[in-house]
Amino acid sequence: MSEWLVLALAMLAACAVVIVVTLVRHRTAAEDDDPDETPDVIEYMTMWIGVVYAIVLGLAIAGVWEARVSAQDHVQAEAQALHEISERVRVYPPDVRERIRADVNAYVGQVVTTEWKAMSRHGQVTAQGGRLLAKIRADVTDYQPKSDFEAQAYQPLVDQVTAADQARTARADATGATMPGVVWFGLLTGAAVTIGMVFALQIRRTTRELVLAGLFSALIAFLLFLIWDFDAPYSRGVGASAGPFLALFPHLTG
């Protein structure tokens, strides 16, 4: 059974229970029962719908913001690991050092140009980026240190390659949307219900009430847009940037 079918059945069951209980209670109520003595149920439901929806919106914003921050952390970790590789190979012979640095520069150039566009447009990293990183790994791991000084630098370099690979994998996993479709269904449905309750209260056409209703609707639209914008960490307006790569490898942008 799909999650959408389960959701639909659960919502229908909840509505059915409330309607049945209300009808049974109405038919079995005493003749002297006066419903006017109870609080206005419309205002009560409106208040709680607003409270619950505000909590849901807050949790959604916190979730997508955390995903966006994590995505930026992956970029920072990857750029820092590659920078460490480029700097620590200075103890190697000039030909080995320059070859590894050239491979690192080629990989970073691929990431900040071609791969970043692919992440933004298609939600995935490129195969060429994976091949360039594999070349860095091969150059670092295949070199046989010829002195104790080089041997001491070998394992930290291998560790930095592993850190870059892990950060790249995490970056690839974070390229898509983070909010499931069922959550978006709840957010949009909740927005419709919350705004619809304004009409249930029989809003009048006074200037003050129209302005407040318009501002309330605009606020909900803004919050939903904010969630949508943060939902894809690498492809929308306030997404994670390639800034760490450009800051640590400024010569590639000159």
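Trainee: How do helix H3 (residues 94-122) and helix H4 (residues 127-142) pack?

Mentor: Their axes lie 9 Å apart at an angle of about 165°. Axes are lines fitted to C-alpha atoms, for helices over the stretch in contact, and the angles run from 0 to 180 degrees between N-to-C directions. This is a predicted model in which local features need pLDDT of at least 70 and side-chain atom pairs count only at pLDDT 80 or more, while totals for chains, interfaces and linings use all residues. Residues are numbered from 1 along each chain as its sequence is written, and side-chain values use heavy atoms, without hydrogens and water.

Trainee: Why are H3 and H4 called roughly antiparallel?

Mentor: Angles under 35 degrees count as roughly parallel, over 145 as roughly antiparallel, 65 to 115 as roughly perpendicular and the rest as oblique. The angle is about 165°, and H3 and H4 are therefore roughly antiparallel. Their crossing is left-handed, a term for a near helix turned anticlockwise from the far one by less than a right angle, clockwise being right-handed.

Trainee: Which residues of H3 and H4 meet?

Mentor: Among them are Ile-100, Val-104 and Tyr-107 in H3, and Leu-132, Leu-133 and Ile-136 in H4; contact means heavy atoms within 4.5 Å. The residues of this contact comprise eight nonpolar, three polar and five charged. Ala, Val, Leu, Ile, Met, Phe, Trp, Tyr, Cys and Pro count as nonpolar, Asp, Glu, Lys and Arg as charged, and the others, Gly among them, as polar.

Trainee: How do you know that Arg-97 counts as buried?

Mentor: Buried means under 20% relative accessible area, exposed over 50%, and partly exposed in between (1.4 Å probe, protein chains only). Arg-97 has 17% relative accessibility, so this residue counts as buried. Arg-97 lies in helix H3 and, leaving aside neighbours within four places in sequence, is in contact with Val-89, Arg-90 and Tyr-92.

Trainee: How many aromatic pairs does the structure hold?

Mentor: The structure holds three aromatic pairs. In the pair of Phe-225 and Trp-228, the ring centres are 5.7 Å apart and the planes stand at 35°.

Trainee: What makes the pair of Phe-225 and Trp-228 tilted?

Mentor: Rings of Phe, Tyr and Trp (its six-membered ring) pair if their centres lie within 6.5 Å; planes under 30 degrees apart count as stacked, over 60 as edge-to-face and the rest as tilted. With planes at 35°, the pair is therefore tilted. Phe-225, at 46% relative accessibility, counts as partly exposed, and so does Trp-228, at 38%.

Note on methods
Helix = DSSP H or I, 4+ residues; strand = E, 2+ residues; numbered from the N terminus.
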